[in-house]
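Biologist: Could you walk me through some strands and helices? I'd like to learn how to read them.

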Amino acid sequence: MTDQISALTWLGGNPGDGWYEMTERLVDLLNGQESSVKLTLAAGGGEQNLTKIQDGEAELGMSIDVVVNAAVNGGPPFDAPMPRLASLGTGWSALPYNLLRSPSAAEFGAAITGGGLRIGVPPRDTTDELMFQHVVAYYGTTYEEIATRGGQVLLADYDALIAALTTGTIDYVFGATTLPAPSIASAADGRRKVELAPLPADLIEHLVRRYACSRGVIPAGTYPGLHDADIATCFAQTVFVVSADVPETAAYDLTRLLVMNTTALAEVHPSLAGFNPFAAWRNGPAPIHPGAARAYRELGCMD
């Protein structure tokens, strides 16, 4: 450890989602150990986190692989490449796309293209909302057309979305969050019956082919009261994004502590149990920070 302490802001997700909870616990875990870093948690979203890191407003943030790749290369929705983005690794937490609905609601695709769709999605500048834009485009429509047909796209944090669903203000919630997520589980306790529904097979195929998601299921029993069987969906991978301007010692210490505390990571959040330090640095959507690479190498995880 050096005598120089780096004070870094780590952007999680929105309050109520799995990323925010995970980041809060990670910050507590890492701040409780001897290192050259002092972390502060701040709310954010997977899309805006990248812009804030690029602009120097924060040093770390959560995002997903496909959006980080777009940011690094200047692809949509970003206007230019973001050269200040680096990574502490990927594969930290697989995020399923959840579709909650009222059992009386229409089939998902028909609801989007028909009239009166009432759906909730996390706010703009989140990867959830960006992916929902892609979903809407797949069905050949837009937010504006949905509104014209008498529908509504409610943009809010997960706690507000679940409240709106369980009180009948909306009929669906779409978004990706860690597995399991307290906000999703809480939907079983509302006064309105709701269920966790599979994504349509053709939509899964599109998201896998076009946006590099991976097929998977939310296992039966994950959310008691919301589903009795495996739920077919697709997953994105969480990336820990870091500014390339973060000192090498700080990135080294963060990565070293994360890798050395693999058992504790699973206690921070169950979805972190699948983290593989031997793969985390391979084929990532952003360059591995030199400090992170040194940590993987010294711990015997990098060839």
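Biologist: How many bridges join strand E3 (residues 60–64) to E10?

Modeller: First, the ground rules: this is a predicted model, where local features need pLDDT of at least 70, side-chain atom pairs count only at pLDDT 80 or more, and totals for chains, interfaces and linings use all residues. Residues are numbered from 1 along each chain as its sequence is written, and side-chain values use heavy atoms, with hydrogens and water left out. Helices (H or I, at least four residues) and strands (E, at least two) are DSSP runs numbered from the N terminus, and two strands pair if DSSP finds at least two bridges between them. Here, E3 and E10 run antiparallel and are joined by 5 bridges, with Met62 opposite Phe240 in E10.

Biologist: Over how many bridges does strand E4 (residues 85–101) pair with E10?

Modeller: E4 pairs with E10 over 7 bridges, in the antiparallel sense; Ala86 has Val242 as its bridge partner in E10. Strand E9 (residues 214–218) also pairs with E10 in the antiparallel sense, over 5 bridges, and there Gly216 stands opposite Thr233.

Biologist: Is strand E10 (residues 231–243) mostly covered or uncovered?

Modeller: Buried means under 20% relative accessible area, exposed over 50%, partly exposed in between (1.4 Å probe, protein chains only). E10 is mostly covered, with 11 of its 13 residues buried.

Biologist: And the helices: which residues make the contact of H5 with H9?

Modeller: Contact means heavy atoms within 4.5 Å. Met131, His134, Val135 and Tyr138 of H5 meet Asp202, Leu203, His206, Leu207 and Tyr211 of H9.
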